[in-house]
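This report is meant for someone looking at this structure for the first time. Please keep the sequence and the model in view while reading.

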Amino acid sequence: MALPLVVFAALAALFWLRLGNGDPSRIPSALIGRPAPQTPLPPLEGLVNDGAAVPGLDPSVFKGKVSIVNVWASWCVPCHDEAPLLTELGHDKRLQIVGINYKDGADNARRFLGRYGNPFGIVGVDTNGRASIEWGVYGVPETFIVGREGTILYKLVGPVTSDNINTVLRTEIDKALKAGS
């Protein structure tokens, strides 16, 4: 009669220990070290930068450049918080900043970028979420570092923050810039 109670207590203790252990932003990605998905995405309609239309995502843009790929949406609350930090990263001319706009309305996305500034030189629209699945996205925001060879080198689950931009993201960006230079 005590056996079910003991089994339940053991399982509860195991779940409690495993759930409380670790950083949720350190979810492993099966794509690290693999080529970035070869999924072209159309541009965000009506988005211009310096009078020129901002192009959509063509997978060939990853060759030869270190890229920061940010999956974002205007309805994503943490995306509003990370936007100024991505704009700051966009000033680093050694990088190209690529945005994947996830399941968002074009007007809302343009309004979002108008409000915070557009750090992205490329914005692909993922209206149905299929491309984000290919990137292994759990939810927005997520940020990837893609190396010069077009391989995914790092994945940050959750928003870019003032804490992780300097302690984690810039370290990984520097590694990517040094590799193959």
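Two strands are said to pair if DSSP finds at least two bridges between them, where strands (E, at least two residues) and helices (H or I, at least four residues) are DSSP runs numbered from the N terminus. The model described here is predicted, so that local features need pLDDT of at least 70 and side-chain atom pairs count only at pLDDT 80 or more, while totals for chains, interfaces and linings use all residues. Residues are numbered from 1 along each chain as its sequence is written, and side-chain values use heavy atoms, with hydrogens and water left out.

**Overall layout**

The protein has 5 helices and 7 strands, and from the N terminus on its elements follow the order α-β-β-β-α-β-α-β-α-β-β-α. Its C-alpha atoms fill a box of roughly 75 × 40 × 30 Å along the principal axes. Of the 181 residues, 43% are buried, where buried means under 20% relative accessible area, exposed means over 50% and partly exposed lies in between (1.4 Å probe, protein chains only).

**The sheet**

Five strands form an open sheet, given as 5 strands in the order β5-β4-β3-β6-β7 with mixed pairing. Because β5 (122-126) and β7 (152-157) stand at the edges with a single partner strand each, one side of each is left without a neighbour in the sheet. Neighbouring strands of this sheet are turned by 20° against each other on average, direction ignored; axes are lines fitted to C-alpha atoms, for helices over the stretch in contact, and angles run from 0 to 180 degrees between N-to-C directions.

Strand β4 (residues 95-102) pairs with β5 in the parallel sense over 5 bridges, and in β5 the bridge partner of Ile 100 is Gly 124. On β3, 7 bridges join that strand to β4, and the two run parallel; Val 66 stands opposite Leu 95 in β4. Since 8 of the 8 residues of β4 are buried, this strand is largely enclosed by the rest of the structure.

**A residue of β3**

Leaving aside residues up to four places away in sequence, Ser 67 touches Phe 62, Gln 96, Phe 144, Ile 145 and Val 146, where contact means heavy atoms within 4.5 Å.

Helix α5 (residues 162-178) lies across β3 (66-72), β4, β6 (142-146) and β7, running at about 170° to β7. The buried residues of α2 pack against β3, β4, α3 (106-116), β6 and α5. The expected span tabulated below is 1.5 Å times one less than the number of residues.

| Helix | Residues | End-to-end C-alpha distance | Expected span |
|---|---|---|---|
| α5 | 17 residues | 23 Å | 24 Å |

In α2 a kink of about 40° lies at Ala 83, shortly before the proline Pro 84, and in α5 a kink of about 35° is centred on Leu 169; the bend at a residue is the angle between axes fitted to the seven residues ending there and the seven starting there.
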